[in-house]
Amino acid sequence: MRTDEAARRATAPGMERSDRMSSMAMTGAEAGTAAGGQTKAEGPWQMDAVVERHNLWRAYERVMRNKGAAGVDDLCVADFKAWLQQHWPSVKAALLSGEYMPMAIRKVEIPKPNGGVRILGIPTVLDRLIQQALLQVLQPEFESEFSEHSYGFRPGRNAWQAVQRAQGYIKEGRRWVVDLDLEKFFDRVNHDILMSRITRMVKDKRILKLIRRYLEAGMMSAGVVSARTEGTPQGGPLSPLLSNILLTDLDRELERRGHRFCRYADDCNIYVGSEMAGQRVMTAITDYLERELKLRVNWEKSAVARPWARKFLGYSFTRHKQVRLKIADSSLKRLKDKVREIVVGNASRNLAATIRELNPVLRGWTSYFRLTEVKGVLEDLDGWIRRKLRCLLWRQWKYPATRNKRLQARGLDGTRAWKSASNGRGPWWNAGASHMNAAYPKKSFDALGLVSLLDTRQRFQIVQ
């Protein structure tokens, strides 16, 4: 869809303004700012706060910083500034009059780590800007209503706090977990129920109408737009807030029943003292979700089990009396898969180039899993990564004569080098053998700048 058509769709009939309004772009009623730099407005004037200059500028910076793909109008982030300078006055007028019509979202499917696909709905850049501006106004208003047990997509809260709180519950003796997985949550949100929850805090009918339109915006796939009657697809800035608004009812029900739990978006773990208690909680909360929120539990992925038999936000736990945080097996597998992908993709490149591509992945992964209290796993992973790199070298050397020459250049004597080069064993075996460890010890990889998971984790611990 062409960008000029997008301009027509985004503007209400009769809302065109003269050229004089170009100089008024990004202006509006001034509003105060809430903690964290978020705009807060109360009463029926919340839309004025959404289009207020400072709020909109911060939203614009956030959208530009996030970059992201174009929506159905094919307008990319790089071209957005010029488009906005020309069309913003009429878009703003449509928002203030309550006549703005969002465009369809673009359907994108991405594979899930454990199989299947996750459906994303990518809004246009303009709609991402408006949603971000909405988020900055609405987030502080709803924040005070959210539960202290909710950690996902909230200012000042994160996954680390959630897993540490879960660890605390287990240490208190609640050594059974009710692991709830909501079936296709973002695709199954009931619009009427969600809107009724939003209405509790939002009084501006223009905003209510706009959110309803975002919820009902069609989804385009292969050029065909399909209507939507439920769900709030991931991909837009507003989606995480809407999920927290709806699931706050679940939080309050769990609190009313006196449960100890942690929720991160649609990932909810409830900690109890026995398996029998866990089964009772599972039955009661499943009934509540289906009856009150029209949400279904995925029975294949939900369970009442020991915490160390489950994962939570990529972490798991040891079974010791003084339970410790560890990295879940599935998280270790995903890292190994990523390392294999990078190493195989660099089969013809030199070792230094491969390490440069690996390092950001290793550094980011270790940063997230810095809370792990089981260090041996990181040490083993470091050794496995170095072996993968030695395997890469062995494959690149290819012929016995080349391998002999390279091993001698790395300090092995001629007899040992030739015997190793012509042993007829496979690359993986040789990568773990003593001759390759002698030729490329850990200090060689350190000199090349390879990130060590164990050393990086220890540096994070010192900083903390």
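Leaving aside neighbours within four places in sequence, Ser 420 is in contact with Trp 394, Leu 407, Asn 430 and His 435. The model is predicted. Ser 420 belongs to helix 16, which covers residues 414-421. Is Ser 420 buried or exposed? Its relative accessible area is 8%. Buried means under 20%, so Ser 420 is buried. At 2.9 Å it reaches the backbone oxygen of Arg 416.

Where is Ser 452 placed? Ser 452 lies in a loop. Helix 19 (442-447) stands on one side of that loop and helix 20 (453-463) on the other. The relative accessible area of Ser 452 is 9%. Against the cut-off of 20%, Ser 452 therefore counts as buried. Leu 381 gives a reference point elsewhere in the sequence. Ser 452 and Leu 381 are separated by 71 residues in sequence. In space, their C-alpha atoms are 9.1 Å apart.

Next come the helix pairs. Start with helix 4 (residues 80-97) and helix 5 (residues 125-143). Their axes are 11 Å apart, and the helices pack at an angle of about 55°. Angles under 35 degrees would be roughly parallel, and 65 to 115 roughly perpendicular. Which residues make the contact? Helix 4 supplies Phe 80, Trp 83, Leu 84, Val 91 and Leu 95. Helix 5 supplies Val 125, Leu 126, Leu 129 and Ile 130. By class, this contact has nine nonpolar residues, with no polar and no charged ones.

The other pair is helix 10 (residues 239-256) and helix 11 (residues 275-293). Here the axes come within 11 Å and cross at roughly 140°. Roughly antiparallel begins over 145 degrees, so helix 10 is oblique to helix 11. The crossing of helix 10 and helix 11 is right-handed. On the helix 10 side, the contact is made by Leu 246, Asp 249, Leu 250, Glu 253 and Leu 254. On the helix 11 side, Ile 285, Tyr 288, Leu 289 and Leu 293 take part. How do the residues of this contact divide by class? Seven are nonpolar, none is polar and two are charged.

Notes: Residues numbered from 1 in each chain as written. Predicted model: local features only at pLDDT ≥ 70, side-chain atom pairs only at ≥ 80, totals over all residues. Heavy atoms only, no water. Helix = DSSP H or I, 4+ residues; strand = E, 2+ residues; numbered from the N terminus. Buried < 20%, exposed > 50% of the residue type's maximum accessible area, 1.4 Å probe, protein only. Polar contact = N/O pair within 3.5 Å; in protein donor to acceptor, adjacent residues only side chain to side chain. Contact = heavy atoms within 4.5 Å. Axes fitted to C-alpha atoms, helices over the stretch in contact; angles between N-to-C directions. Nonpolar A, V, L, I, M, F, W, Y, C, P; charged D, E, K, R; others polar. Left-handed = near helix turned anticlockwise from the far one by under 90°.
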